[in-house]
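User: I would like to learn how to read a structural model feature by feature. Could you take me through one, giving the general idea and then the case at hand?

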Amino acid sequence: MASDKTNVMRVLEQHKIAYKPHEYPHGKDAVDGVSVAELLGQNPDQVFKTLVARGKSGGFHVFVIPVAKELDLKKAAKAAGEKSVEMVHVKELLGLTGYVRGGCSPVGMKKAFPTVFDESVNNVPTVMVSAGKIGFQIECAPVDLIKLVRATTSHITTD
């Protein structure tokens, strides 16, 4: 796996954050998060997806939620201090973050956007997020990841 080190892994190492890399079989297209959790034999409550939204103010926000959950746009807007938020179009993702759909990570984006993790991240011993490339995930302590990306936590998923 050393030859497949991603930028996310390099950032974690640079900040001396312990992580465990995971790799799963994939094609060229994004795999949905629940399938990724199944392929890795992981609890979907511990595998999180990274979503990017544009606030009413025009600013961008990153929301990181469990793969089996849906983002509640009203709760997300409130957590981000916005009147409303809408998901960015998949075509904008690469230019904005440096990542493609299915490989978007809260770590190592082109620019550090305000980030909110769903508060359920506080209930899991480790969290898995994309390692910045389809087919690769990293697993680490939630507190380390939250601190690294200067995130907050809030209840941002639908009930």
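Analyst: Let us begin with the surface: the chain exposes about 8300 Å², and carbon and sulfur atoms supply 51% of that area. Please keep in mind throughout that this is a predicted model.

User: What share of the 159 residues of the chain counts as buried?

Analyst: A residue is called buried when its relative accessible area is under 20%, and by that criterion 45% of the 159 residues in the chain are buried.

User: Which pattern of helices and strands does the chain follow along the sequence?

Analyst: The chain has five helices and eight strands, and reading along the sequence gives the pattern α-β-α-β-β-α-β-α-β-β-β-α-β.

User: Which residues touch the most other members of the largest nonpolar core?

Analyst: A nonpolar core is a set of buried nonpolar residues joined through side-chain atoms within 4.5 Å. The largest one in this chain has 33 residues, of which Val52, Phe117 and Ile138 touch the most other members. Two or more residues of this core come from each of α1 (7-14), β2 (48-55), β3 (60-66), α4 (90-97), β6 (127-130), β7 (136-140) and α5 (142-148), and the largest share, four residues, is given by α1. Apart from this core lies another, of 10 residues, which includes Leu51, Leu71, Ala76 and Val85.

User: What does Phe117 touch, leaving out residues up to four places away in sequence?

Analyst: With those sequence neighbours left out, the residues touched by Phe117 include Phe48, Val64, Pro106, Leu145, Ile146, Val149 and Ile156.

User: Which residues have a positive phi although they are not glycines?

Analyst: Backbone phi is read residue by residue, together with the place of the residue in the chain. Lys16, in the loop between α1 and β1 (20-23), has a positive phi of about 55°, and Arg150, in the loop between α5 and β8 (152-154), has one of about 50°. Lys16 counts as exposed because its relative accessibility is 74%, and Arg150 likewise counts as exposed because its value is 73%.

User: Is Ile134 buried or exposed?

Analyst: Position in a loop and accessibility should be read separately. Ile134 is in the loop between β6 and β7, yet Ile134 counts as buried because its relative accessibility is 10%. Val90, by contrast, is found in helix α4 and counts as partly exposed, at 43% relative accessibility.

Technical notes:
Residues are numbered from 1 along each chain as its sequence is written. This is a predicted model: local features need pLDDT of at least 70, side-chain atom pairs count only at pLDDT 80 or more; totals for chains, interfaces and linings use all residues. Side-chain values use heavy atoms; hydrogens and water are left out. Buried means under 20% relative accessible area, exposed over 50%, partly exposed in between (1.4 Å probe, protein chains only). Accessible areas come from the Shrake-Rupley method with a 1.4 Å probe; for residues, only the protein chains shown count as cover. Contact means heavy atoms within 4.5 Å.
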